[in-house]
Amino acid sequence: MTLRIEAATEEMRPQDSFGAGARSFDELVADQARFRLWYDGALPRVYGYLLARCGDQALAEEATQEAFVEAIRARRSFEGRSDPVTWVCAIGRNRLADHMRRDRRNAVRQLNLIGAYSDRETSAWRQTDVREAVEQALNALTREQRLVLTLHYLDHVRVREIAGLLHRSESATESLLSRAREGFRRTYEGQTDE
């Protein structure tokens, strides 16, 4: 009996794309035990991904929750071309962009995209001069500039897609990206020349 339990536990590793034999995301959601096991493994990955992009724990929690809810609602549209966690992260990234658009209009909440990093990062990494210079250079940018740099260079999102997320024209997005690059370069080079 013990061997069977261990074998079943081994089969249900959260790293499995769909967990213990599920063939689709829809099938995974339908099985509460399998879904819970997958969710427990996926939640920290999605939350960590979003937190690294916004630096705001409350916003990352909200976007993570919205991403999972939307993924469950749209589970039949998941085509399996990527890992389900990657798909949920993309949904979460879109929720962050939605929040950004709302915040740009009313400026109530300060997004600190990239500026604040997770406490789980090692102190040795945080202490390097390069990282501090990059962090300071990013913090000198506007929220929108940090967002487009992050989406374009860290997430490898094309300018056309970023324009769609921000409800801007492609040329306005290119211009914003160009100003963000120049602002980052100017600030970063000013810090490293000292």
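**Figure 1. The largest nonpolar core of the predicted model.** This core comprises 25 residues, among which F25, W38, V46, L50, W87 and V88 touch the most other members. Two or more residues each are contributed by helices α2 (25-30), α3 (32-54), α4 (57-73) and α5 (84-106). Helix α3 gives the most, with nine residues. In soluble globular proteins, nonpolar side chains tend to be buried together.

**Figure 2. Surroundings of V46.** When residues up to four places away in sequence are not counted, V46 touches T64, F68, V85, V88 and C89. Of these contacts, V88 is also listed with V46 among the residues of the largest nonpolar core that touch the most other members.

**Figure 3. A second, separate nonpolar core.**

Figure 4. The side chain of R53 makes a polar contact with the side chain of D155, at 2.7 Å. R53 and L96 lie 43 residues apart along the chain, and their C-alpha atoms are separated by 8.6 Å.

**Figure 5. Cysteines C54 and C89.** C54 counts as buried because its relative accessibility is 0%. C89, at 9% relative accessibility, likewise counts as buried, and C89 is one of the residues touched by V46. The structure holds zero disulfides.

Technical notes
Residues are numbered from 1 along each chain as its sequence is written. This is a predicted model: local features need pLDDT of at least 70, side-chain atom pairs count only at pLDDT 80 or more; totals for chains, interfaces and linings use all residues. Side-chain values use heavy atoms; hydrogens and water are left out. A disulfide is a pair of cysteine sulfur atoms within 2.5 Å. Buried means under 20% relative accessible area, exposed over 50%, partly exposed in between (1.4 Å probe, protein chains only). A nonpolar core is a set of buried Ala, Val, Leu, Ile, Met, Phe, Trp, Tyr and Cys residues joined through side-chain atoms within 4.5 Å. Helices (H or I, at least four residues) and strands (E, at least two) are DSSP runs, numbered from the N terminus. Contact means heavy atoms within 4.5 Å. A polar contact is a pair of N or O atoms within 3.5 Å; within protein, one must be able to donate a hydrogen and the other to accept it, and residues adjacent in sequence count only if both atoms are side-chain atoms.
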